[in-house]
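Subject: Structure for you to look at

Hello,

Please find the structure below. My notes on what was found in it follow.

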Amino acid sequence: MKLNLERLAREPGAALPFDYALDLSQVEWNGGRPFADGVRVTGKVRNRAGALVLNAELSAELSLVCDRCAQPFRREKTVEYETLLAFELANGESDDIVLLDKDGELDLDGLMTEVFLLEMDTKNLCSEDCRGLCPGCGADLNHEPCRCKKEIDPRLAKLAQLLERQEDQA
């Protein structure tokens, strides 16, 4: 979606709202495609005393895989974004200001895709207390106990044998 903002820039106090679905279904993230349902983008561009201000809210239900237990899960993600828009910069570049193209248009799809992807978490957990998988036997520790046999320190092997014999005799 492209927004032409030349007219808005000439009308102080005016606003241009937007509300649409951003299709990110083909974007791969950590080996999967979490954006199958798309991203809802709502907001507006306002002219505040000659300055163009973009406010947006992006929300999506993500289909993710837990980084600890490898189970699929879904989570709601919402991102708030605000920035200034400009036709040109007086003194070079600024990270806080988004430049419009030479025709006074803003590539909203490109900007919102970048904003949403930069806000994605680097680690996804199905729950805060996810116990993950046992590195030895592969058991999902959220649903079953570890099946690994406890390793005995070789220095204590004889003592372990004595304890086993005592338990067998009892």
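Salt bridges

Arg74 and Asp37 form one of them, with their closest N and O atoms 2.4 Å apart. This pair links distant parts of the chain: Arg74 is in strand S5, while Asp37 is in the loop between S2 and S3, 37 residues apart. Arg74 is partly exposed, at a relative accessible area of 44%, and Asp37 counts as exposed, at 53%. Both belong to a network of salt bridges that also takes in Glu61.

Strand S5 also holds Lys77. The side chain of Lys77 meets that of Asp121 in a salt bridge, at 3.9 Å from N to O. Asp121 sits in the loop between H2 and H3, so this pair ties together parts that are 44 residues apart in sequence. Lys77 is buried, with a relative accessible area of 14%, whereas Asp121 is partly exposed, with 32%.

Asp153 and Arg155 make another salt bridge, at 2.5 Å from N to O. Here Asp153 counts as partly exposed, at 28% relative accessibility, and Arg155 as exposed, at 72%.

Nonpolar core

The largest nonpolar core has 35 residues, and Met112 and Phe116 touch the most other members. Strands S2 (15–22), S3 (39–48), S4 (51–65) and S5 (72–86) and helix H2 (108–118) each give two or more residues to this core. The largest share, seven residues, comes from S4. Leaving aside residues up to four places away in sequence, Phe116 touches Leu24, Phe35, Val39, Leu58, Ala60, Leu62, Lys77 and Val79.

Surface patch

In soluble globular proteins, nonpolar side chains tend to be buried together. On the surface of this model, however, Ile152, Leu156, Leu159, Leu162 and Leu163 form a nonpolar patch, with about 460 Å² of accessible area together. Leu159 lies in helix H3 (residues 157–169) and is partly exposed, with a relative accessible area of 48%.

Confidence

The chain averages a pLDDT of 86, and 96% of the residues score at least 70. Confidence is highest in S3, at a mean of 93, and lowest in strand S6 (residues 97–99), at 75. Where pLDDT is low, the predicted coordinates should not be read in detail.

Regards

Terms used. Residues are numbered from 1 along each chain as its sequence is written. This is a predicted model: local features need pLDDT of at least 70, side-chain atom pairs count only at pLDDT 80 or more; totals for chains, interfaces and linings use all residues. Side-chain values use heavy atoms; hydrogens and water are left out. Patches are made of residues with over 30% relative accessible area and no salt bridge: like charges are joined within 9 Å, nonpolar side chains (Val, Leu, Ile, Met, Phe, Trp, Tyr) within 5 Å. Accessible areas come from the Shrake-Rupley method with a 1.4 Å probe; for residues, only the protein chains shown count as cover. A salt bridge is a side-chain nitrogen of Lys or Arg within 4 Å of a carboxyl oxygen of Asp or Glu. Helices (H or I, at least four residues) and strands (E, at least two) are DSSP runs, numbered from the N terminus. Buried means under 20% relative accessible area, exposed over 50%, partly exposed in between (1.4 Å probe, protein chains only). A nonpolar core is a set of buried Ala, Val, Leu, Ile, Met, Phe, Trp, Tyr and Cys residues joined through side-chain atoms within 4.5 Å. Contact means heavy atoms within 4.5 Å. pLDDT is the predictor's confidence in each residue, from 0 to 100.
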